[in-house]
Amino acid sequence: MKIQVLKDYGEMSRAGAEIIAETVRDNPRAVLGLATGATPEGVYDVLVEKYAAGEIDFSEVTTVNLDEYCPIEPSDDQSYRYFMEKHLFSRVNIRPENTNVPMGNAADPAAEAKRYEELLASLGYADLQLLGVGQNGHIGFNEPAAALFAETHLTPLTESTLAANSIYFTDRAMPTEALTMGMASILRAKRILLLASGKSKHAAIARLLEGEISTECPITFLLLHPNCTVICDRAAYEG
Ligand code: F6R
């Protein structure tokens, strides 16, 4: 695992975007695994700038997002599909049919999870998977637990995640479940890039750096990946 500590959120975002841009330059047909949340917003802004400057072409790129609330309509302004359209897809030349987010409004979430995992397998999983981390160490929505799921599945969200994300649901209760890639779906990516910014992520980063793998802190499973880069800002690294 390579760890890079940069000054602040802006530097972290630029470094993260550069790795994604390089991946697409090396392989214009790359499969990018993407994340939502506050952490990658800056990366997407830099990618849009690079696209506008002619430095990156998304026309042959395919994307697979990590997760989606369930139940939620894709058109809901708090859905992860909506987030991706707003922050990246509508701002670059990616083909809509090449973008994939689990369907949070599926009538049968278990069938949707199976479909999504089969889709990942058919694409050969991500060439580069971008990750953020929850304050409790979750990646995707693989929440701390006695056992973790390997493949895409429906999961209840923990109190920590509900508390962290309910700020976005100002006018209503947030969904309490999500569809998420599993640990194996994530670890099958050829390369992983995890970004962490701010003091609230320090505990999770500290657990990762301790070097012990525990289902109670899912980020620690990244220690098993042969090509994982972690970029943190100083606040996340030092606490
Ligand atoms: C989002 C995701 C989550 C977030 C995590 C951190 O697609 O998979 O694991 O990366 O909850 O969220 P932020 O970046 O909002 O702190």
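This is a guided tour of the structure above, stop by stop.

**Before you start**

The model is predicted: local features need pLDDT of at least 70, side-chain atom pairs count only at pLDDT 80 or more, and totals for chains, interfaces and linings use all residues. Residues are numbered from 1 along each chain as its sequence is written, and side-chain values use heavy atoms, with hydrogens and water left out.

Helices (H or I, at least four residues) and strands (E, at least two) are DSSP runs, numbered from the N terminus. Two strands pair if DSSP finds at least two bridges between them.

**Stop 1: the seven-stranded sheet**

Select β1, β10, β9, β6, β2, β3 and β5. In that order they form an open sheet of seven strands with parallel pairing. β1 (2-6) and β5 (99-100) stand at the edges. Each has a single partner strand, so one side of each is left without a neighbour in the sheet.

Contact here means heavy atoms within 4.5 Å.

Next, zoom in on β2 (residues 31-34) and β3 (residues 62-65). They pair in the parallel sense over four bridges. Pick L32: its bridge partner in β3 is T63.

**Stop 2**

Return to α7 and show A204, I205 and L208. These residues are buried, meaning under 20% relative accessible area; exposed is over 50% and partly exposed lies in between (1.4 Å probe, protein chains only). Look down the helix axis. The buried residues fall within an arc of 95°, so they line one face of the helix. The arc is that of the directions from the helix axis to the C-beta atoms. The buried residues of α7 pack against β9, β10 and α8 (234-238). Step just past the helix to G211, which takes a positive phi of about 90°.

**Stop 3: helix α2**

Select residues 41-52. This is α2, with twelve residues. From its first C-alpha to its last it reaches 17 Å, close to the 16 Å expected at 1.5 Å a residue. That expected span is 1.5 Å times one less than the number of residues. Colour G42, V43, Y44, V46, L47, V48 and K50: these are the buried residues of α2. They pack against α1 (9-26), β2, α3, β6 (128-131) and β9. After the helix comes G54, whose phi is positive, near 75°.

**Stop 4: the three-stranded sheet**

Select β4, β8 and β7. They form an open sheet in that order, and the pairing is antiparallel. The edge strands, β4 (67-70) and β7 (153-156), each pair on one side only. Neighbouring strands of this sheet are turned by 30° against each other on average, direction ignored.

β7 and β8 (residues 177-180) pair over four bridges. L154 has L179 as its bridge partner in β8. Helix α4 (residues 109-123) packs on the sheet and touches β4, β7 and β8. Its direction makes about 25° with that of β8.

Show the side chains of β7. H153 and T155 make up the covered face, L154 and P156 the uncovered one. In a regular strand the side chains alternate between the two faces of the sheet.

**Stop 5: the aromatic cluster**

Show Y69, Y80, F141 and F169. Ring pairs link these four into a cluster. Rings of Phe, Tyr and Trp (its six-membered ring) pair if their centres lie within 6.5 Å; planes under 30 degrees apart count as stacked, over 60 as edge-to-face and the rest as tilted. The whole structure holds five aromatic pairs. One of them, Y69 with Y80, is tilted: 4.7 Å centre to centre, 40° between the planes. Y69 lies in β4 and Y80 in α3 (residues 80-87), eleven residues apart. Both are buried.

Now pick T161, in helix α5 (residues 159-165). T161 is buried, at 2% relative accessible area. It touches N136, H138, F141 and E143, not counting residues up to four places away in sequence.

**Stop 6: two backbone details**

Most residues other than glycine have a negative phi, and most peptide bonds are trans. Go to the bond from C70 to P71: it is cis, with omega near 0°. P71 sits in the loop between β4 and α3. Finish at Y125, in the loop between α4 and β6. Y125 has a positive phi of about 60° although it is not a glycine. At 11% relative accessibility, Y125 counts as buried.

Key
Axes are lines fitted to C-alpha atoms, for helices over the stretch in contact, and angles run from 0 to 180 degrees between N-to-C directions.
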